[in-house]
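Thanks for asking me to look this one over. Could you open the model alongside my notes and follow along?

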Amino acid sequence: LGDMSDADRGGPSGWCGAYGGQTMRVLLSESRTYRTDSIVLAIGEALSQMAERGGLPALSEEEQVGLVVLAFERETNHGGIHCFLTGLDRSHAPRVVDALARIEREDVAARLRVLFTVLGADESWSGDDFARKLNQLTLEETSALEEFDRRYHDHAGGFADRLLLFIRKQQ
């Protein structure tokens with residue numbers, strides 16, 4: 001999750017550990033005890049389990065934002081934007097720009113808008129459309145993907161603080 005650790009800022013230094021069925025309210029209250037990134041990971045596990053049980057409609061709009069942002073960050077940190085757009089979480093690709101803007105990461109959302117324009121993507125594209133496109137890239141499109149990854153890794157930082165703040169505002 002890439003943020004400076006809470007301990008580095010003089011905050012909590014404990015690790016929350018795996019999600020154990022706590023409510024969102026309990027998880028949020030534990031942020032005084034545990035590191036922000038560990039709380040956000042536990043929240044991500046909770047959201048994933050809820051989505052697995054009931055599908056995306058089982059999640060509120062705000063919970064879906066959290067799920068999308070966490071999938072984007074996990075996959076992009078793991079293997080770049082290509083990994084996010086072609087991997088298991090590619091179904092979130094059509095919503096990622098809006099989700100990032102909603103947690104006030106307009107800088108990353110703006111870079112994605114530029115990349116999606118280069119790829120020829122529009123609002124009607126599904127995750128599978130992105131995956132198909134990335135199997136047939138032009139040199140210009142390949143360069144745009146590489147540029148996104150370079151700038152993302154140089155400047156994006158993590159999303160844990162912003163995502164936790166967003167989730168708190170929704171409770």
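1. A word on the basis. This is a predicted model, in which local features need pLDDT of at least 70 and side-chain atom pairs count only at pLDDT 80 or more, while totals for chains, interfaces and linings use all residues. Residues are numbered from 1 along each chain as its sequence is written, and side-chain values use heavy atoms, with hydrogens and water left out.

2. Please start with the largest pocket, which holds about 320 Å³ of space. Its lining has 18 residues, and S48, L67, A71, R74 and D89 are the closest to its centre. Here a pocket is an open set of points on a 1 Å grid over the protein atoms alone, where a 1.4 Å probe fits, with protein on both sides within 12 Å along at least five of seven lines; lining residues have an atom within 4 Å of a point. The volume is the space filled by probe spheres set on the points, which are joined across faces, edges and corners.

3. Which helix gives the most to the lining of the largest pocket? That is α2, with seven residues. Both α2 (36-54) and α3 (61-86) supply at least two residues each; helices are DSSP runs (H or I, at least four residues), numbered from the N terminus. By class, this lining has eight nonpolar, five polar and five charged residues, where Ala, Val, Leu, Ile, Met, Phe, Trp, Tyr, Cys and Pro count as nonpolar, Asp, Glu, Lys and Arg as charged, and the others, Gly among them, as polar.

4. The second largest pocket has a volume of about 220 Å³. Among its 13 lining residues, P94, V97, F116, D122 and E123 lie nearest the centre. Two or more residues of this lining come from each of α4 (96-102) and α5 (106-119). The classes here are eight nonpolar, one polar and four charged.

5. Do look at the aromatic rings, as the whole structure has eight aromatic pairs. Rings of Phe, Tyr and Trp (its six-membered ring) pair if their centres lie within 6.5 Å, with planes under 30 degrees apart counted as stacked, over 60 as edge-to-face and the rest as tilted. F72 and F148 are edge-to-face, because their ring centres are 6.5 Å apart and their planes stand at 70°. This pair links distant parts of the chain, with F72 in α3 and F148 in α7 (residues 139-155), 76 residues apart.

6. F148 also forms a stacked pair with Y152, at 5.9 Å centre to centre and 15° between the planes. F148 and Y152 both lie in α7, four residues apart, or about one turn of the helix. Ring pairs join F72, F84, F148, Y152 and F159 into a cluster.

7. Back to α2, whose buried residues include I39, V40, I43 and L47. The buried residues of this helix pack against α1 (24-29), α3 and α8 (160-170). After α2 comes G55, with a positive phi near 75°.

8. Leaving aside neighbours within four places in sequence, A109 is in contact (heavy atoms within 4.5 Å) with V97, L100 and A101.

Key:
Buried means under 20% relative accessible area, exposed over 50%, partly exposed in between (1.4 Å probe, protein chains only).
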